[in-house]
Amino acid sequence: TTVVEKVEVPLSGAQGLCWWKGALYANVHGGRTGGLWRISDADGDGALDRADALVPFPGDGEHGPHAVLPTADGNGLYFCAGNFTAPPKFLRSRSPQN
């Protein structure tokens, strides 16, 4: 049985979602909320109620931000985006910058 519940956070436009380590990660496109977000249960009542911006980046539509996937070892996340998405700026990364 599938159960659908509304998540009470001020986000919309997610084109990629991934449940990982007790939180929902959302790749959101467009506007001031574009980027990777972590949605969690801040008060422990079992309902997702907090959204934290992790990596902001501009991009929109079908060529914007998309999938969020766990790494093969389960210790990190990949996020995928199309050619209308500017590369994000990381404080640190194992990936080379181009």
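Strands here are DSSP runs of E at least two residues long, numbered from the N terminus, and two strands count as paired if DSSP finds at least two bridges between them. This is a predicted model, where local features need pLDDT of at least 70, side-chain atom pairs count only at pLDDT 80 or more, and totals for chains, interfaces and linings use all residues. Residues are numbered from 1 along each chain as its sequence is written, and side-chain values use heavy atoms, with hydrogens and water left out.

**View 1. The hairpin of β5 and β6.** Strands β5 (residues 65-70) and β6 (residues 77-81) run antiparallel and are joined by four bridges. Look for V68: its opposite number in β6 is F79. Six residues sit between the two strands, and in this hairpin G74 takes a positive phi near 75°.

**View 2. An open sheet of four strands.** The order is β1-β2-β3-β4, with antiparallel pairing. The edges belong to β1 (14-20) and β4 (50-56); each has a single partner strand, so one side of each is left without a neighbour in the sheet. From one strand to the next the twist averages 25° (axes are lines fitted to C-alpha atoms, and angles run from 0 to 180 degrees between N-to-C directions).

**View 3. Where β1 meets β2.** Six bridges hold β1 against the antiparallel strand β2 (residues 23-28). Across from G16 you'll find N27 in β2. The loop between these two strands contains K21. Most residues other than glycine have a negative phi. K21, though, has a positive one, near 50°. K21 is also exposed, at 59% relative accessibility (exposed is over 50% relative accessible area, buried under 20%, partly exposed in between, with a 1.4 Å probe and protein chains only).

**View 4. The aromatic pair, W20 and Y25.** The count comes to one aromatic pair, going by rings of Phe, Tyr and Trp (its six-membered ring) with centres within 6.5 Å. The ring centres of W20 and Y25 are 5.6 Å apart and the planes meet at 65°, so this one is edge-to-face (planes over 60 degrees apart; under 30 is stacked and the rest are tilted). W20 is buried at 15% relative accessibility, and Y25 is buried too, at 7%.

**View 5. Around D52 in strand β4.** The D52 side chain makes a polar contact with the side chain of R50, at 3.0 Å (a pair of N or O atoms within 3.5 Å; within protein, one must be able to donate a hydrogen and the other to accept it, and residues adjacent in sequence count only if both atoms are side-chain atoms). Leaving out residues up to four places away in sequence, D52 touches L36, W37, R38 and S40, with contact meaning heavy atoms within 4.5 Å.
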